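Here are some exercises to work through with the structure on your screen. Try each task yourself before you read the solution.

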Amino acid sequence: MSQLNDISLIAQVVMFHNNRAFDQLVRKYQSPVRRFFLNLTCGDSELSDDLAQDTFIRAYTSLASFKNLSSFSTWLYRIAYNQYYDYLRSRKETDDLDTTRVDAQCSVRQPDTGLQSDLHRALATLRDIERTCITLFYLEDQSIDKIASITGCPTGTVKSHLSRAKEKMATYLKQNGYDGK
């Protein structure tokens, strides 16, 4: 039902240039997309907001190219994924790899405490693709097939990234006082 509603809203935007229909899509997906970026950026809320805004701008300008081969949410997460990696590539042009990793670990974090802060620190220890897979699977409740579609990785590779990421995060959290219960 939700996908039919999304398709109806997309048709209204494309056919009738109904901006209010796109506003409904933004309201529906704004929080999940922002949360996705918040976890990828290890809690940097300003960067997350910028990337989310860029994602919705790109989605709006590309909406006519939506072919309904996957759900709208998968298509939107693919755009978000590409936005994030475009951002990383642009950073790598000006920074070396070590600076990027240090920036991710020491970035300005939104004011949060406890487990959420520890989670962002654990996510910062992961490679970018591992962080993407773990965020989509555990925090955004996406299936392995959808993650494969979003990232362009085979399902076996997604499973490998998830396994390695879980292991790295468990090790980090155990080293920082969590006993796994």
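**Exercise 1. A phenylalanine and its surroundings**

Is Phe-72 buried or exposed? Find out, then describe its ring partner.

*Solution.* Keep in mind that this is a predicted model.

Step 1: The relative accessibility of Phe-72 is 2%. Buried means under 20%, so Phe-72 counts as buried.

Step 2: Look at Trp-75. With a relative accessibility of 16%, Trp-75 counts as buried too.

Step 3: Helix α4 holds both Phe-72 and Trp-75, and they are 3 residues apart, about one turn of the helix.

**Exercise 2. Naming ring pairs**

Work out which kind of aromatic pair Phe-22 and Tyr-60 form, and do the task again for Phe-72 and Trp-75.

*Solution.* A pair of aromatic rings is described by the distance of the centres and the angle of the planes.

Step 1: The count for this model is 10 aromatic pairs. For Phe-22 and Tyr-60, the ring centres are 4.9 Å apart and the planes stand at 70 degrees. An angle over 60 counts as edge-to-face, so that is the name for the pair of Phe-22 and Tyr-60.

Step 2: Ask where the partners sit. Phe-22 belongs to helix α2 and Tyr-60 to helix α3, so this pair ties together parts that are 38 residues apart in sequence.

Step 3: Check the accessibility of each partner. Phe-22 has a relative accessible area of 8% and is buried, whereas Tyr-60, at 34%, is partly exposed.

Step 4: Now take Phe-72 and Trp-75. Their centres are 5.6 Å apart with 40 degrees between the planes, and the pair is tilted.

**Exercise 3. The whole chain and its core**

*Solution.* 

Step 1: Count the elements. The protein chain has 9 helices and 0 strands.

Step 2: Consider burial across the chain. It has 181 residues, and 43% of them count as buried.

Step 3: In soluble globular proteins, nonpolar side chains tend to be buried together. Here the largest nonpolar core has 47 residues, and Phe-37 and Phe-72 have the most contacts inside it. Among the elements that give two or more residues to this core are α1 (2-16), α2 (19-40) and α9 (155-175).

Step 4: Zoom in on Phe-37. Setting aside residues up to four places away in sequence, Phe-37 touches Ser-48, Leu-51, Ala-52, Thr-55, Ala-80, Gln-83 and Tyr-84.

**Exercise 4. Helices that cross**

Describe how α7 crosses α2 and how α7 crosses α8.

*Solution.* 

Step 1: Start with α2 and α7. Their axes come within 9 Å and cross at roughly 135 degrees, which makes α2 oblique to α7. This crossing of α2 and α7 is right-handed.

Step 2: Find the residues that meet. On the α2 side they are Arg-35, Phe-36, Asn-39 and Leu-40, and on the α7 side Arg-131, Thr-132, Thr-135, Leu-136 and Leu-139.

Step 3: Move on to α7 and α8. The axes come within 10 Å and cross at roughly 140 degrees. Angles over 145 count as roughly antiparallel, but α7 and α8 are oblique to each other. The crossing of α7 and α8 is right-handed.

Step 4: Name the contact residues. Helix α7 brings Ile-129, Thr-132, Cys-133, Leu-136 and Phe-137, while α8 brings Ile-144, Ile-147, Ile-150 and Thr-151.

How values were computed:
Residues are numbered from 1 along each chain as its sequence is written. This is a predicted model: local features need pLDDT of at least 70, side-chain atom pairs count only at pLDDT 80 or more; totals for chains, interfaces and linings use all residues. Side-chain values use heavy atoms; hydrogens and water are left out. A nonpolar core is a set of buried Ala, Val, Leu, Ile, Met, Phe, Trp, Tyr and Cys residues joined through side-chain atoms within 4.5 Å. Buried means under 20% relative accessible area, exposed over 50%, partly exposed in between (1.4 Å probe, protein chains only). Helices (H or I, at least four residues) and strands (E, at least two) are DSSP runs, numbered from the N terminus. Contact means heavy atoms within 4.5 Å. Rings of Phe, Tyr and Trp (its six-membered ring) pair if their centres lie within 6.5 Å; planes under 30 degrees apart count as stacked, over 60 as edge-to-face and the rest as tilted. Axes are lines fitted to C-alpha atoms, for helices over the stretch in contact, and angles run from 0 to 180 degrees between N-to-C directions. Angles under 35 degrees count as roughly parallel, over 145 as roughly antiparallel, 65 to 115 as roughly perpendicular and the rest as oblique. A crossing is left-handed if the near helix is turned anticlockwise from the far one by less than a right angle, and right-handed if clockwise.
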